[in-house]
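My notes follow in the order I took them.

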Amino acid sequence: MNGLENELLAGVRVLELTRGPSGGYAGRLLANSGARVTKIVSAAEESTPFRDREKKVIQTMTRSEAGKVVTRLLGQSWDMILWDSHLEQELDQLVTDALLISRVGIRLDFPAEVDVEEEHALQALGGWMTLTGDAQKKPLQVGGHPAAYLVGAHAATAGMMALLENRWTEKGRLVQINSLAIVVSALEGAYSKQLATGQTRSRQGNRHHELTPMSILPSADGWTFVGAPVDEKWELLEGWSEIPSRPEWQQNTGRQADCETLEEELAKWTRGMTREELFVTGQLFRLPFAKVQTLEEVRDCSQLAARQFWGHSNASTTSVQIPWKVHAGPAFSKEQSTSGNAPSWKGLRVLDVTSMWSGPYCTRLFADLGAEVIKVEAPHRPDGIRSDQCASSPFFKELNRNKLGIQLDLRLQTDRQTFLELVATSDVLVENFSPRVMSNFGLGCEELWKHRPDLTIVSLSAFGQTGPYRDFVGYGPTLESMSGVASLTQYSDGQPRLPGFSLSDIGAGIHGAFALVAALFQHHRQGIGLRVDLSQYETACQFIGDYLTEEVPASTVAQPVQVRDLVDLAHDARLATIRLEDGSQLLGMPWDSKGWHTSFYPPPELGQHTDYVKKLIEKEATFI
């Protein structure tokens with residue numbers, strides 16, 4: 001069933017009283033998922049087509065008139081009220097007072113240094129700029145609105161989590177979004193590593209901070225992202241490029257230590273090939289290569305066209321769709337459910353078949369609320385975020401706290417059977433393989449639904465489950481290059497630059513969490529199984545959506561804000577931290593709401609909870 005992604009929140013009524021882009025983007029996700037969003041805009045503000053296209057926008061002539069309209073609207077029935085700390089103090093208090101016990105309120109909180117434009121100040125305060133750009137040059141701002149839109153995606157997700165809980169309990173909730181914690185969460189675990197070890201990071205130029213080669217290099221007709229993130233991939237690239245072989249380059253540590261020389265040798269080779277040749281051939285080798293695309297090339301991309309990413313509200317205006325498709329599973333009646341108890345987050349069971357960053361971040365948000373998240377890892381291929389530190393890696397702890405773990409080799413029939421027995425008593429399955437992997441295991445959607453007809457399945461793949469690029473692989477820099485983010489991130493020399501961290505990973509994770517909770521909201525109403533097909537490429541495109549629709553914001557003079565590094569951030573009291581049972585200190589939750597904090601415990605060692613989780617197979621699922 002196509003188009004269900006735009007109907008998940010049908011009937012939900014949202015009042016949006018935001019001033020900045022973060023709140024506007026939160027409202028966009030809600031409106032494009034079917035909610036009826038009403039937004040108040042004063043004469044001094046502009047309605048932005050990318051963020052506000054699907055909303056009912058009420059334009060007022062003066063701030064005084066806006067206050068009267070807000071007062072009148074607050075007396076009406078709303079499921080959710082969304083506002084930000086840019087709101088005038090009188091209106092802020094008015095909204096807070098109007099939150100009745102049955103309502104959900106989402107307030108986006110910004111540090112005092114963040115003006116209503118938000119983007120520059122968030123990147124400077126949150127450590128983004130000190131990690132982005134060349135070490136010998138000034139810090140660089142990542143192009144588009146990625147910081148603001150990450151905050152907005154978190155606000156929309158928290159809002160839907162609170163609203164779903166409201167449907168269960170009929171109790172209201174005020175959720176305060178910590179914008180600073182969200183932008184620091186994007187730093188690829190660097191903050192938690194700073195807390196744990198005192199180790200910091202600096203700008204690495206146009207390359208990944210610890211994997212080589214993972215950098216943008218020149219080609220015959222522009223720029224190409226060249227990636228070989230692990231040793232066996234380097235062997236393929238070394239043979240293909242026929243560059244001089246060096247013993248020290250056979251391991252990543254040696255390549256990293258000699259990265260500039262290695263990149264110079266690779267650049268001699270890439271200059272002789274076009275971007276398309278490098279991209280397509282690299283992907284045939286399962287290397288995460290990418291064309292560094294301009295905005296015009298993104299608009300003409302065959303993958304986006306095949307995925308119907310572009311919408312048309314009239315003959316001359318193009319709009320950007322939300323980055324996922326939703327399909328209904330088999331017909332299902334609530335009488336078939338194995339549910340036994342009243343619904344709650346603690347009754348939700350999630351099978352987490354993900355690794356690295358995007359999937360684990362998505363599922364951890366539910367684990368932090370008390371959901372039972374079971375992380376599935378293969379004995380021969382554990383989560384790469386463990387690195388060589390097993391479960392003691394600060395970033396692994398940050399992404400996988402509060403989860404259980406089980407070790408299963410899905411190539412084996414016995415382990416697949418155990419997995420399917422877990423599926424039968426689970427509510428959600430999240431995976432971030434490339435599209436063909438689950439089917440190759442014999443675990444496609446249809447097979448999963450045979451064992452649990454109302455299972456909600458979330459797939460977070462690089463390019464989505466359909467289209468000519470569906471089987472292509474991608475890391476964060478792949479998608480930032482393809483989406484146009486890199487082409488908007490540059491000094492005056494015009495060379496595209498990568499962000500200093502894998503921005504698109506956390507983007508996919510939080511958008512996946514929003515799509516999942518929206519799907520659960522629909523499941524709560526209709527009891528059907530749903531499949532969410534999220535494209536991480538399309539998610540990265542959201543960050544520059546204003547530019548892709550040629551609705552480029554008017555340039556403004558950035559408010560002077562101190563560009564901070566990780567050492568500065570480690571001493572910022574506005575960043576709440578948590579302490580695990582093993583004494584580890586990590587970055588806390590991205591929002592604050594009484595009753596949502598659980599007792600935090602360490603992530604699993606590989607196979608640590610295997611026997612315990614196998615016993616869970618005998619339990620009945622308890623959600624909905």
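Is Asp572 buried or exposed? I looked it up first, keeping in mind that this is a predicted model. Asp572 has a relative accessibility of 10%. The cut-off for buried is under 20%, so Asp572 counts as buried.

I then checked the partner. Asp572 forms a salt bridge with Arg574, at 3.0 Å from N to O. Arg574 is partly exposed, because its relative accessibility is 36%. I also noted a network: Glu16, Lys39, Asp52 and Lys55 are joined by salt bridges that share partners.

**Other salt bridges**

I took the total next. The count is 39 salt bridges. I picked out Glu263 and Arg207, whose closest N and O atoms are 2.6 Å apart. Glu263 is in helix 12 (residues 259–270), while Arg207 is in the loop between helix 9 (190–197) and strand 7 (214–219), so this pair ties together parts 56 residues apart in sequence. I found both Glu263 and Arg207 buried.

Glu447 and Lys450 gave me another entry. Their side chains meet in a salt bridge of 3.5 Å, N to O. Both residues sit in helix 20 (residues 445–451), three residues apart, which is about one turn of the helix. Glu447 is partly exposed at 24% relative accessible area. Lys450 is exposed, at 64%.

**Arg275**

I located Arg275 in helix 13 (residues 275–284). Its relative accessible area is 12%, so I logged Arg275 as buried. Which residues does Arg275 contact, leaving aside neighbours within four places in sequence? I listed Ser219, Asp221, Gly222, Trp223, Thr224, Lys291, Val292, Gln293 and Glu297. For Val292 I also have a distance: its backbone oxygen lies 3.1 Å from a polar atom of the Arg275 side chain.

**Strand 1**

I counted burial along strand 1 (residues 13–17). Four of its five residues are buried, so the strand is largely enclosed by the rest of the structure. Strand 1 pairs with strand 2 (residues 36–41) in the parallel sense, over four bridges. Leu15 stands opposite Thr38 in strand 2.

**Surface patch**

I placed Tyr475 in the loop between strand 17 (456–461) and helix 21 (476–483). Tyr475 is partly exposed, at 32% relative accessibility.

Key
Residues numbered from 1 in each chain as written. Predicted model: local features only at pLDDT ≥ 70, side-chain atom pairs only at ≥ 80, totals over all residues. Heavy atoms only, no water. Helix = DSSP H or I, 4+ residues; strand = E, 2+ residues; numbered from the N terminus. Buried < 20%, exposed > 50% of the residue type's maximum accessible area, 1.4 Å probe, protein only. Contact = heavy atoms within 4.5 Å. Polar contact = N/O pair within 3.5 Å; in protein donor to acceptor, adjacent residues only side chain to side chain. Pairing = 2+ DSSP bridges. Salt bridge = Lys/Arg side-chain N within 4 Å of Asp/Glu carboxyl O.
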